[in-house]
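Let us walk through a protein model step by step. Keep the structure in view while you read.

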Amino acid sequence: MVFRGIQLAVISAASSAALLAFSAPAYAVESQSYVVNWFAGAANTQPDNCVGGINPPLEDQFHKELLLTGMQPVQADKVIKDYLNNENGHDVDTAIRYRGRYNGRPVNVFNNPQTIPDPKMKAVVGKAGYGFNLDGKGADDPKAFQDPETLEKGVDNQLFRAVGCLEGFRGSLANHPTFWYWIWQTIRDSQPAWLVTISGEDLTKDGPVTFTFDRALEYMVSNSGGEARADVTYRIDPDPRSHNVFKGEIKDGVAYVTEHGNFKMLQNSWGVPELNIRNFHMRMKINKDRSMEAILGGYQPWHHLYFAFAHGGLSRETSTGSLAGIYHLLKSNADADPDPKTGQNRAISSSYHMKAVPVFAVPPEPPKTAPPKPVASVGGPVPASR
Amino acid sequence: MNRKFGIGFAGAVGLALVVGSFLPSTETSAADKGAAISHTPGVPVTRRLSPQQYRSVIRDVFGDTVALGGRFEPELRRDGLLAVGAGYASVTSTGMQQFESMSRAIASQVVDEAHRDLLISCKPKAANAPDDACAHQFLERTGRALYGRPLTKEELRVQVNAANMGAKDLKDFYQGLWLSLASMLSSPDFLFRYETLEKKTEKNGVYDLDAYSKASRLSFFLWNSRPDEDLLKAAANGDLDSSRGIRRQVERMMASSRIEEGLRAFFTDMLGLDEIDAMAKDSVIYPKFDTMIAQDSKEQTLRTIMNIVYKQNGDYRQIFTTPTTFLTRRLGAIYNVPIVNNAANGGPELWREYTFSPDDPRAGIVSQMSFVALHSHPGRSSPTLRGKAIREILLCQKVPAPPGNVDFSLFNDPNAPNKTARERLTAHVANPVCAGCHKLTDPMGLALENFDGLGSYRTTENGVEIDASGGLDRSQFTNAAGLGKAVAESPAATTCVINRMVSYGLGRTPDRNEMPWVKDLEKQFSGEGYSVLKLMERVATDPAFYKASAPKPNVAPATSTN
């Protein structure tokens, strides 16, 4: 797969105009926009990257955590039996939801995952993982992966390491993990589409480019088979909370982000409501069928991720695995942005796989009335590098 | 009025077909006999209402809040038109069940509490008992609107009696009315369009249609629906017995926006756009295809044509060359052009005018999805089907069917070395048995090869550059735009639309005797800037349009009863 094949004929004046309106550089004479078809954690599951196998089934995790709360084994056995048999739902839900303990009193474990002792779930031990060398330590970083595609060493992707031994997070670029697949498939037809535009003097040749990320005003249009439809026109949402511009370059047919700033994108709250990625990296290539694939990543606040995993409560937990366990996995594998008081890292390196198809992205027509003032960003921006 | 059916209507099920089988009415006409014509006209034709005509009549009579609640039988295309096929169409027992079902559903809605105050202009003295006067009033008015003529005294008496008996038995005036209304809606007088000759007008075996038949022919021709109140009044007071009276009605009707409905119905029929409803594509090969895009493609072509022939009242031939069309956001994805839709997410898509650049091969309706996708296979394009469609639909020329023993192996072999349709067809027509017909179709169809089986633009097929050159008779061209220009310049294209329009209005192909009339229309069409509106007006005001010969006694009507 190489970054070739962009035809001048398919580049619309409208999308070029859109880019110019959104701070594209003066040399941009050619541009191509894409709508994001798939967005998922970049997993690289291997048969042997979880010591002794993956984490046990959810009912086993529940049982273990109930015992950690001081519940008697016979009581825990009853809860799990009822859970598996779908009986005594209220009692089961209460026991599992309120399995946290604070001053000896039951508390909602999804909201207060720290109220349960770390169940010490497994994390990935393998060395192959997608992403980027974010901290510059290279091969000297003992926690780092080697990217199986670029063969770069020192790749930081602690999110994959943290959750990669849970069944719902295992997968590959070709077969996205169940959790990410489910989330994106659920929200992509009912949230404003994500747009990516690359512009440069000649997109078929090596040289400087500019990447622009926006949300559309329209939802993604899909074909009857469920995949995003190519060549559809989207209007760019002028909301600055999802507008990103990065400098980059095409080298040997692959387009890279070279100026690593902060990436931000609003999303349906079923997923991560606001995606914030610091030290943003991306590499992108064009497939023969004109679709685009990219690996992108950086550091993101791990409590944002925890919220995305946990806010569905017990129903969400059936696809993620123990949320209390995930909380402790994220916390212990976080690798950036240490809290100045506690030293606890507040950000975790992560990588995502993105697939997109070519579309037209155009500016919205001028509003007939003054637009409302943008609401302040939820949670504020990701802190700058310390 | 004494109507003599060519075949009896034996109950609701098993309705037989009647084609041109009416004998002249014995009623007299007091008005003038209309202008003489120089040719012997053909016979009148009885036609089954098309689904669109059925919908239009129901809408006109009861408004657009009444749902039909049923399905129509497939239509029959003959001599290039459904309007002609309607004269050959019967009603199967299943189809009659559907008509029955619709008649009950429609009648139920008309008499229900939500509609009765609006649609039934009188109130019964008591809602739980018969009211002869109110039933009479409603059924007389409604029957006239549904049948396009007044009910005879006998017909009205039967319906009123039925309503009264029903009301008495069911102790509900409106339920009684429902029985009679449902009966009228499943009557052949409603489901078919009959034409009756006026005996008094006979000259050398040529008759005028009677006034209500004239009104019906005119109304379906211009508006694709039954006559409205003004036209029925004109029929009743004798206005339609004079050329002046007919002209007055034609001018009124053509000034109405409803003329666009008539034009749309005609071009939908002529171009076979109804077939898009059943168009299927392989979703693996053409993932963008869905039924909404298919419907949009039909509407795109109609809007393109309406823009020229109706809004601009322009030259008909421009429909083959115009770079201007109308697109939705969905269609924009097929044509690979940016089309902004400002409607809310999930809302109906808006239509945008779009003009392709002058050097774009996308020009005219032949290059549009409705044509190139419809005349393709589910998984690939077809120069032969496309060329055949140009010959038969746009030029009214007949392309012979392939022989039964034709060998498609070279064409269909996926492992054959030929990469493009041109290469495959070249190999195929090496067989002289095939070559004759393919010479008629392929040179035109190959000019459309830049459009794949869905209508999206492409420059290569299986990695080989597409050669989109072609020819039509003496014209040679290099792409689809050139083909459109050649079609526009072909005299056959203008002759064809006249023939189709006359056939559409008469419900049959013009007889040989009527060709001088058609030739005259050709001259007028040319002299009036190829205006379709003018052509319609010429046809609608021509005395020949309202004359017919009586069916010959030895011509037996169809008698099959399936």
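This is a predicted model: local features need pLDDT of at least 70, side-chain atom pairs count only at pLDDT 80 or more; totals for chains, interfaces and linings use all residues.

Residues are numbered from 1 along each chain as its sequence is written, while chains are lettered from A and ligands numbered from 1 in the order in which they are written.

Start with chain B. It has 23 helices and eleven strands. Helices (H or I, at least four residues) and strands (E, at least two) are DSSP runs, numbered from the N terminus. The radius of gyration of chain B is 26 Å, close to the 24 Å from the globule rule for 562 residues, so chain B is as compact as a globular protein of that length. That radius is taken over C-alpha atoms, and the rule is 2.2 Å times the number of residues to the power 0.38. Along its principal axes, the C-alpha trace of chain B spans about 80 × 60 × 45 Å.

How much of chain B is buried? Buried residues make up 49% of its 562 residues. A residue is buried if 20 or more other C-beta atoms lie within 10 Å of its own, exposed if 12 or fewer, and partly exposed in between; the C-beta atoms are placed from the backbone. Now look at contacts, which are pairs of residues whose C-beta atoms, placed from the backbone, lie within 7 Å. Take the contacts in chain B between residues at least 6 apart in sequence: 71% of them join residues at least 24 apart.

Turn to chain A. It has nine helices and 13 strands. Of its 386 residues, 47% are buried. Among its contacts between residues at least 6 apart in sequence, 67% join residues at least 24 apart.

Where the chains touch, chain B gives 13 residues and chain A gives 18 residues. The side of chain B that touches chain A has five nonpolar, five polar and three charged residues. Here Ala, Val, Leu, Ile, Met, Phe, Trp, Tyr, Cys and Pro count as nonpolar, Asp, Glu, Lys and Arg as charged, and the others, Gly among them, as polar.

Next come helix pairs. Two packed helices are described by the angle between their axes and the distance between the axes. Axes are lines fitted to C-alpha atoms, for helices over the stretch in contact, and angles run from 0 to 180 degrees between N-to-C directions. In chain B, helix α12 (residues 259–270) packs on helix α13 (residues 291–311) at about 125°, with the axes 10 Å apart. That makes α12(B) oblique to α13(B). Angles under 35 degrees count as roughly parallel, over 145 as roughly antiparallel, 65 to 115 as roughly perpendicular and the rest as oblique. Residues of α12(B) in this contact include B:Leu263 and B:Phe267, and those of α13(B) include B:Ile305 and B:Val309. By class, the contact has seven nonpolar, one polar and two charged residues.

A second pair is α5 (residues 132–147) and α6 (residues 153–170) of chain B, whose axes come within 9 Å and cross at roughly 130°. α5(B) and α6(B) are therefore oblique to each other. Among the residues that meet are B:Leu139 and B:Gly143 in α5(B), and B:Val160 and B:Ala163 in α6(B). This contact has five nonpolar, four polar and two charged residues.

Is helix α20 (residues 480–489) of chain B mostly covered or mostly open? It is mostly covered: eight of its ten residues are buried. Among them are B:Leu483 and B:Val487. The cover includes α16 (383–394), α19 (432–445) and α21 (491–506) of chain B, along with strands β9 (470–472) and β10 (475–477).

B:Asn336 sits in the loop between α14 (329–335) and β6 (352–355) of chain B. It is partly exposed, with 16 other C-beta atoms within 10 Å. Its C-alpha atom is 7.5 Å from that of B:Ser456, although the two residues are 120 apart along the chain.

Most residues other than glycine have a negative phi, and most peptide bonds are trans. B:Asn204 has a positive phi, near 55°. Its place is the loop between β3 (197–203) and β4 (206–209) of chain B. With 7 C-beta neighbours inside 10 Å, B:Asn204 counts as exposed. B:Asn462 also has a positive phi, near 50°. It lies in the loop between β7 (460–461) and β8 (464–465) of chain B. B:Asn462 is exposed, with 10 other C-beta atoms within 10 Å.

Definitions and conventions: Two residues are in contact if their C-beta atoms, placed from the backbone, lie within 7 Å.
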